[in-house]
Amino acid sequence: MADKDLRDDDSDEEEAKEGAEGEENKEKKKKKKKDVVTALDGRKAQNIMIVLNRRFKYIRITDLVHAIAHTFPIYYDKSSIDLALASKSLLSPKNNTADQNTIINLENVSALLTNMLPNEEDMQSLAKIAENYFGQKAKVKNGQMHKEDDAYVEYGMADQFCLEINQVKRVEQRLKWIEFNMKYKTIIASIHEQLFQLQNALSGVKSG
């Protein structure tokens, strides 16, 4: 009977210890979880996050921006144009099975132009965090800071996107240029069709 009581006491003690350790781990996780800092207007941030989650879910923001900055046209002849990416290592490991051109396609470019580019007001709001964001990014890259450090600030994904995309010179004009190049073949085909119809109409008038 005494042995049973001792075993029960030991079991209770172990359960209490496990419970205490569990509570301690929970507290540690709470401490590790940091508040996300955002300077963007809530509606603008939400619109950007919707597009990022729908179209670029497994693509890092820096990879997306790099793809935009390094997309250029390749001309095969006067009536044919395709787009290529300057870099061959744009995708993050999570998305390394996808074709690189899935980053820069017509739908994605149109979405970027419609909902996502920061305007002057957005950049004024972001100016107060820009210096710390890029300074912190450089420190992490150089190993001077880690994301687990207390001093590390977690910025919102929409804010990060706007800060990064704003580094691309004349980004709106570049995206419009990419969009036009992607529509080029369709535009040419449409013009050919219209010319063909006009030629048939003129032939009909002449023969009449």
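At roughly what angle do the axes of α2 and helix α4 cross? Before I answer, please keep in mind that this is a predicted model, in which local features need pLDDT of at least 70 and side-chain atom pairs count only at pLDDT 80 or more, while totals for chains, interfaces and linings use all residues. Residues are numbered from 1 along each chain as its sequence is written, and side-chain values use heavy atoms, with hydrogens and water left out.

Now to the helices, which, like the strands, are DSSP runs numbered from the N terminus (H or I and at least four residues for helices, E and at least two for strands). The axes of α2 and α4, the latter spanning residues 106–116, cross at roughly 170° and come within 10 Å; such axes are lines fitted to C-alpha atoms, for helices over the stretch in contact, and the angles run from 0 to 180 degrees between N-to-C directions. That makes α2 roughly antiparallel to α4, since angles over 145 degrees count as roughly antiparallel, those under 35 as roughly parallel, 65 to 115 as roughly perpendicular and the rest as oblique. In this contact (heavy atoms within 4.5 Å), the α2 residues include Lys 44, Ile 48 and Arg 55, and those of α4 include Glu 107 and Met 116. By class, the contact of α2 with α4 has 5 nonpolar, 3 polar and 3 charged residues, where Ala, Val, Leu, Ile, Met, Phe, Trp, Tyr, Cys and Pro count as nonpolar, Asp, Glu, Lys and Arg as charged, and the others, Gly among them, as polar.

Helix α2 also packs against α6, at an angle of about 85° and with the axes 9 Å apart, and α2 is therefore roughly perpendicular to α6. Here Ala 45, Ile 48, Met 49 and Leu 52 of α2 meet Met 157, Ala 158, Phe 161 and Cys 162 of α6, and this contact has 8 nonpolar residues, no polar and no charged.

Helix α6 (residues 157–165) meets α5 (residues 120–141) as well, at about 85° with the axes 10 Å apart, so α5 and α6 are roughly perpendicular to each other. Tyr 133 of α5 and Gln 160 of α6 are among the residues in that contact.

Those two residues return in the largest pocket, where Ile 61, Thr 62, Tyr 133, Lys 147 and Gln 160 lie nearest the centre. Its lining has 13 nonpolar, 4 polar and 7 charged residues, and the largest share, 6 residues, comes from α5.

Finally, a word on confidence, for which pLDDT is the predictor's score for each residue, from 0 to 100. The protein chain averages 76, and 68% of the residues score at least 70; confidence is highest in α6, at 95, and lowest in strand β3 (residues 80–85), at a mean of 48. Over residues 85–100 the pLDDT stays under 50. Where pLDDT is low, the predicted coordinates should not be read in detail.

Technical notes
On a 1 Å grid over the protein atoms alone, a cavity is a set of points where a 1.4 Å probe fits but cannot get out, and a pocket is an open set with protein on both sides within 12 Å along at least five of seven lines; lining residues have an atom within 4 Å of a point.
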